[in-house]
Amino acid sequence: MNRHTFVPRKKDTVFKAGMAATGPTAFAPAPEVGAGSSVYQTVSRQLSGRATSINHNGRYSPAFDNSDEDAGSDKADDDAVSEKAEVSKAECWAMLGDVQDFQDQNEKDNLGARKLGVTWKDLSVYGVSADVAVHDNFFSQFDVVSKMKASRRKAGMKTIIENSYGCVKPGEMLLVLGRPGAGCTTLLNLLANRRAGFSKVEGDVMFGTLTSEEAEQYRGQIVMNTEEEIFFPTLTVGQTMDFASRLKVPFHLPSNQSSPEEYRTQFKNFLLRSMGISHTANTKVGDQYVRGVSGGERKRVSIIETLATRGSVMSWDQSTRGLDASTALEYTRCIRALTDVVGLASVVSLYQAGNAIYELFDKVLLLDEGKQIFYGPLKDAKPYMESLGFICTDGGNVADFLTGVTVPTERQVLPEKEASFPRTAVAIRETFEQSSIYAAMQTDSQYPDSEEAHKNTDAFQQVIQYEKHKSLSKSSPFTTSFMTQVKACVTRQYQMIWGDKATFAIKQGSTLVQALIVGSLFYNAPNTSSGLFIKSGALFFSLLFHSLLAMSEVTDSFTGRPVLAKHKAFAYHHPAAWCLAQIAADIPILVFQVSIFAVVLYFMVHLTFTAGAFFTYWLIVFMTTMAMTALFRAIGAAFPNFDAASKASGTIINALITYQGYLLRKGENFFGAFPCLVFPASVPLPPPPTPHTTSFLKAVLT
């Protein structure tokens with residue numbers, strides 16, 4: 001065999017255990033393998049920094065420098081290369097060799113496969129109908145009687161998914177098609193074991209041999225990439241992936257890895273290179289307010305963050321939105337390669353999929369108004385729909401053709417079938433249920449009872465337990481220890497602050513300015529009874545100012561809540577780890593904030609010039625600031641939306657200002673402040689409260 005080997009100019013470090021190589025790799029659509037393409041592939045791989053070898057089928061794989069090897073060794077390498085090239089439909093993906101190296105290392109370490117699969121049967125999903133969730137008019141909102149009657153009745157239910165069924169075995173990819181509102185996202189949510197938000201779910205969903213309840217502890221392996229890109233915008237792409245990869249480092253490392261940091265670094269590099277965004281590592285992720293990477297690059301960050309979970313069942317909801325055609329094809333090839341080599345079960349929903357993307361799947365499922373009108377092998381979808389009378393033009397997009405079948409204004413029908421073709425979703429489904437494809441696909445529902453499923457599930461559970469940190473319980477869904485989670489979250493908190501340096505500087509600068517202003521208002525208060533009220537006002541403002549600054553935590557809690565929910569679903573860290581990390585990160589910042597405020601205000605007001613009095617003042621202000629920060633975070637976490645939380649926080653801060661002890665003294669109630677409004681003239685007023693001075697005031701005022 002003629003072997004063409006090119007030696008790269010810079011030797012790459014192949015990440016056999018974590019699927020990464022540190023050298024750069026081109027991220028460009030490769031042409032279909034065939035006549036005339038081998039030269040293009042060879043040059044492309046050479047320019048990207050990875051040597052290639054073209055085998056007799058025109059496929060390529062990483063080359064080996066065999067200058068010192070004999071012909072027999074060269075032939076053995078050729079056979080190995082040829083074998084690797086046959087392992088996936090996505091043989092044109094540039095990093096297929098890295099994925100195969102990862103799998104080879106797992107086999108060398110005698111680790112079981114992480115194969116699971118998902119099977120569902122008679123799946124129906126219901127939600128509250130939008131018609132009953134909206135009031136008729138303005139006045140109906142105040143009709144208490146009607147509301148009480150409506151509360152006794154069950155809310156109107158809408159069927160989102162009706163009697164869906166199917167099976168995605170390890171190593172298979174399912175394409176879910178349907179126009180918007182057909183129920184594709186809902187189906188993917190259920191296949192990712194996300195049931196929150198639905199009124200009622202009927203039917204069975206099995207992950208291997210695990211029920212949906214049993215699979216809860218493996219939520220980090222059953223993941224979903226949603227349509228939205230949810231990130232902290234002030235973090236860079238590299239920092240975002242540092243966090244994700246750090247929390248998925250296994251406790252027992254592969255035999256070719258010397259340290260967790262080496263594993264994490266190489267794993268992160270592989271993920272960045274797999275989507276061609278290594279050049280964005282030092283660029284902020286950004287959002288609609290913070291300048292960062294482009295929309296397509298942000299979508300790719302979302303994809304690799306999901307891949308960082310190293311899940312076994314992955315659902316992808318419109319993951320090509322915002323990507324150009326070539327990038328979307330490369331993304332699909334990446335998922336295809338991981339599915340084939342590692343044994344993932346991949347469920348992908350797409351609105352627009354070109355034929356090159358469509359042909360990478362194994363099965364297709366078509367939804368219309370929540371009804372499953374087709375489920376079967378990819379090769380049978382187009383011929384079956386054409387047999388019903390629907391027309392697919394020559395060279396047309398097959399995925400668009402299948403989706404167009406559900407749209408009366410778009411589908412085309414043969415003239416001789418105009419009178420007999422099924423017109424509605426119900427009619428198409430009834431016709432399909434009488435076909436041979438439907439009968440053949442019913443056998444998929446028996447997969448959870450098969451010996452293969454039991455073996456895969458047992459091996460999956462053993463591997464997951466083997467990778468967990470020894471301090472975690474058997475039912476824990478996480479991989480790393482709780483302390484590692486807290487450390488990662490603390491690091492991320494400081495990275496977020498550093499990424500938004502302007503806001504931090506403005507906050508600390510305004511603290512200093514406010515201290516100077518208030519200090520000038522209460523400047524050099526006398527140590528007499530006339531200065532008592534002045535100094536009390538300075539102390540009151542010291543507590544009030546930092547409490548008002550802490551109110552911003554309500555807004556921050558709602559900004560970070562979607563990211564927290566996503567990372568909880570990915571089993572990156574426990575929510576408590578983030579809460580503790582926020583407190584730990586607050587301490588040095590609040591120490592600095594309170595110190596610059598206290599040093600200026602305390603001595604300008606001319607409070608007691610003793611160390612004990614000053615540090616008593618500093619400690620009380622600091623503790624109050626920490627307590628108020630925690631209070632407003634608790635309010636943000638307790639309420640379902642920002643509107644309710646903002647009302648509660650405003651009410652609470654008003655109550656605290658009133659009852660803090662400056663406006664109303666100890667022993668005086670709210671109504672005592674307005675005696676003329678509460679007590680008639682004929683009723684004697686209660687006696688005024690006796691003066692009360694706390695130990696704190698004695699320490700700083702005298």
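Analyst: Please note that this is a predicted model. In the largest pocket, α20 gives the most to the lining, with ten residues.

User: Which helices each supply at least two residues of that lining?
Analyst: They are α16 (482–499), α17 (501–521), α18 (532–550), α19 (552–569), α20 (575–605) and α21 (611–638).

User: How many residues line the pocket, and which lie nearest its centre?
Analyst: The lining has 41 residues. Gln493, Glu553, Asp556, Gln582 and Arg633 are the ones nearest the centre of the pocket.

User: How does the lining divide into nonpolar, polar and charged?
Analyst: It comprises 19 nonpolar, 14 polar and eight charged residues.

User: And what is the volume of the largest pocket?
Analyst: The volume is about 1200 Å³.

User: Let us turn to the whole chain. How many helices and strands are there?
Analyst: The protein chain has 24 helices and 13 strands. Of its 702 residues, 49% are buried. The chain exposes about 33200 Å², and carbon and sulfur atoms supply 58% of that area.

User: What share of the contacts is between residues 24 or more positions apart?
Analyst: Among contacts with a separation of 6 or more, such pairs account for 76%.

User: What is Leu402 in contact with, leaving aside neighbours within four places in sequence?
Analyst: Leu402 contacts Leu177, Tyr358, Val364, Leu366, Ala381, Lys382 and Met385. Met385 is also among the residues with the most contacts inside the largest core.

User: Changing topic, where is Thr406 found?
Analyst: Thr406 is in the loop between α12 (398–404) and α13 (425–432).

User: Is Thr406 buried or exposed, and why?
Analyst: Thr406 counts as buried because its relative accessibility is 2%, and the cut-off for buried is under 20%.

User: What does Thr406 touch, not counting residues up to four places away in sequence?
Analyst: Thr406 touches Arg179, Leu366, Leu367, Asp368 and Ile373. Leu366 is also one of the contacts of Leu402.

Notes. Residues are numbered from 1 along each chain as its sequence is written. This is a predicted model: local features need pLDDT of at least 70, side-chain atom pairs count only at pLDDT 80 or more; totals for chains, interfaces and linings use all residues. Side-chain values use heavy atoms; hydrogens and water are left out. On a 1 Å grid over the protein atoms alone, a cavity is a set of points where a 1.4 Å probe fits but cannot get out, and a pocket is an open set with protein on both sides within 12 Å along at least five of seven lines; lining residues have an atom within 4 Å of a point. Grid points are joined across faces, edges and corners, and a volume is the space filled by probe spheres set on the points. Helices (H or I, at least four residues) and strands (E, at least two) are DSSP runs, numbered from the N terminus. Ala, Val, Leu, Ile, Met, Phe, Trp, Tyr, Cys and Pro count as nonpolar, Asp, Glu, Lys and Arg as charged, and the others, Gly among them, as polar. Buried means under 20% relative accessible area, exposed over 50%, partly exposed in between (1.4 Å probe, protein chains only). Contact means heavy atoms within 4.5 Å. Accessible areas come from the Shrake-Rupley method with a 1.4 Å probe; for residues, only the protein chains shown count as cover. A nonpolar core is a set of buried Ala, Val, Leu, Ile, Met, Phe, Trp, Tyr and Cys residues joined through side-chain atoms within 4.5 Å.
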